[in-house]
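Bring your questions, and keep the viewer open.

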Amino acid sequence: MIFHADSSGRFRAGDDLMTCAIGRGGMAPAADKREGDGVSPLGVWPLRYVLYRPDRGPAPVTTLPVRAIAPEDGWCDDPAHPDYNRLVKRPFAASHEALWREDGLYDLVVVLGHNDDPPVAPLGSAIFLHLAKPDYAPTEGCIALSRTDLETVLAQAAPGDALAIEA
């Protein structure tokens with residue numbers, strides 16, 4: 001299945017229509033994406049695997065691969081580092097995002113196959129499908145859904161599925 005997110009903040013999962021947050025920089029072609037620009041990259045991105053925070057809920061119901069995160073998990077966003085756009089363990093000397101966050105946005109995360117095979121600096125890192133803020137405020141380049149909607153998507157998702165980010 002191909003899920004769809006568009007620049008108007010609509011997300012389609014089969015026949016289900018949902019609201020989503022997009023990047024604060026809007027959307028742009030993946031070739032124009034740069035680290036830190038806040039842009040959601042246009043394209044079709046495989047759903048690689050799911051990360052979840054086990055102290056804030058059970059593992060989601062899905063046939064995608066699932067992994068619990070821990071406080072020491074992070075994601076490298078330093079284009080000059082060999083682990084750019086990869087899961088890393090903290091403490092980590094290079095620039096990175098903590099996956100164990102207080103705001104809950106990464107309590108449930110789908111890692112998308114954007115710029116990962118192999119990662120090319122500085123074409124963007126940590127492009128995820130994750131939980132939205134209650135007001136659907138813009139993301140740093142990710143697509144974000146309510147917890148209920150993301151759980152609905154995960155229940156439908158299977159290995160080989162993808163997210164199309166479309167203008």
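The dialogue below goes through aromatic pairs, cysteines, salt bridges and strand pairing in turn.

Q: What kind of model is this?

A: This is a predicted model. Keep that in mind as we go through the contacts.

Q: How do I read aromatic pairs, and how many does the structure hold?

A: A pair of aromatic rings is described by the distance of the centres and the angle of the planes. The structure holds three such pairs. One of them joins Phe3 and Phe11, with 6.4 Å from centre to centre and 25 degrees between the planes, which makes the pair stacked.

Q: Are Phe3 and Phe11 buried or exposed?

A: Phe3 is buried, at a relative accessible area of 1%. Phe11 also counts as buried, at 1% relative accessibility.

Q: How should I read the pair of Trp75 and Phe128?

A: Look at the angle here. The planes of Trp75 and Phe128 stand at 85 degrees, with the ring centres 5.1 Å apart, so this pair is edge-to-face. The place in the sequence is worth a look too: Trp75 belongs to strand S7 (residues 73–76) and Phe128 to strand S11 (residues 128–131), so the contact ties together parts that are 53 residues apart in sequence. As for burial, Trp75 counts as buried at 5% relative accessibility, and Phe128 counts as buried at 1%.

Q: Which residues form an aromatic cluster?

A: Trp75, Tyr106 and Phe128 make up one aromatic cluster.

Q: Let's turn to the cysteines. How many disulfides are there?

A: The general idea is to check the distance between sulfur atoms; the cut-off is 2.5 Å. By that rule the count is zero disulfides.

Q: Next come the charged side chains. How many salt bridges does the structure hold?

A: The thing to look for is a side-chain nitrogen of Lys or Arg within 4 Å of a carboxyl oxygen of Asp or Glu. The structure holds 12 salt bridges. In one of them, the side chains of Arg53 and Asp55 meet at 2.7 Å, N to O. Arg53 counts as buried at 5% relative accessibility, whereas Asp55 counts as partly exposed at 48%.

Q: Which parts does the salt bridge of Arg56 and Asp107 tie together?

A: In this salt bridge the closest N and O atoms of Arg56 and Asp107 are 3.0 Å apart. Arg56 lies in the loop between strand S5 (40–52) and strand S6 (66–68), and Asp107 in the loop between strand S9 (96–98) and strand S10 (108–112), so the pair ties together parts that are 51 residues apart in sequence. Arg56 counts as partly exposed at 30% relative accessibility, while Asp107 is buried at 8%. Arg56 and Asp107 also belong to a network of salt bridges with Glu102.

Q: What is the case for Asp73 and Arg67?

A: The side chains of Asp73 and Arg67 meet in a salt bridge at 3.2 Å, N to O. Asp73 is buried, with a relative accessible area of 0%, and Arg67 is partly exposed at 29%.

Q: Finally, how do I read a strand such as S1?

A: In a regular strand the side chains alternate between the two faces of the sheet. For burial, strand S1 (residues 2–6) is mostly covered, with four of its five residues buried.

Q: Which strands does S1 pair with, and in what sense?

A: S1 runs parallel to strand S13 (residues 162–166), and five bridges join S1 to S13. Within that pairing, His4 has Ala164 as its bridge partner. S1 also pairs with strand S2 (residues 10–13), in the antiparallel sense and over two bridges. There, Ala5 has Phe11 as its bridge partner.

Q: What lies between S1 and S2?

A: S1 and S2 form a hairpin with three residues between them, and Gly9 in the turn has a positive phi of about 85 degrees.

Note on methods: Residues are numbered from 1 along each chain as its sequence is written. This is a predicted model: local features need pLDDT of at least 70, side-chain atom pairs count only at pLDDT 80 or more; totals for chains, interfaces and linings use all residues. Side-chain values use heavy atoms; hydrogens and water are left out. Rings of Phe, Tyr and Trp (its six-membered ring) pair if their centres lie within 6.5 Å; planes under 30 degrees apart count as stacked, over 60 as edge-to-face and the rest as tilted. Buried means under 20% relative accessible area, exposed over 50%, partly exposed in between (1.4 Å probe, protein chains only). Two strands pair if DSSP finds at least two bridges between them.
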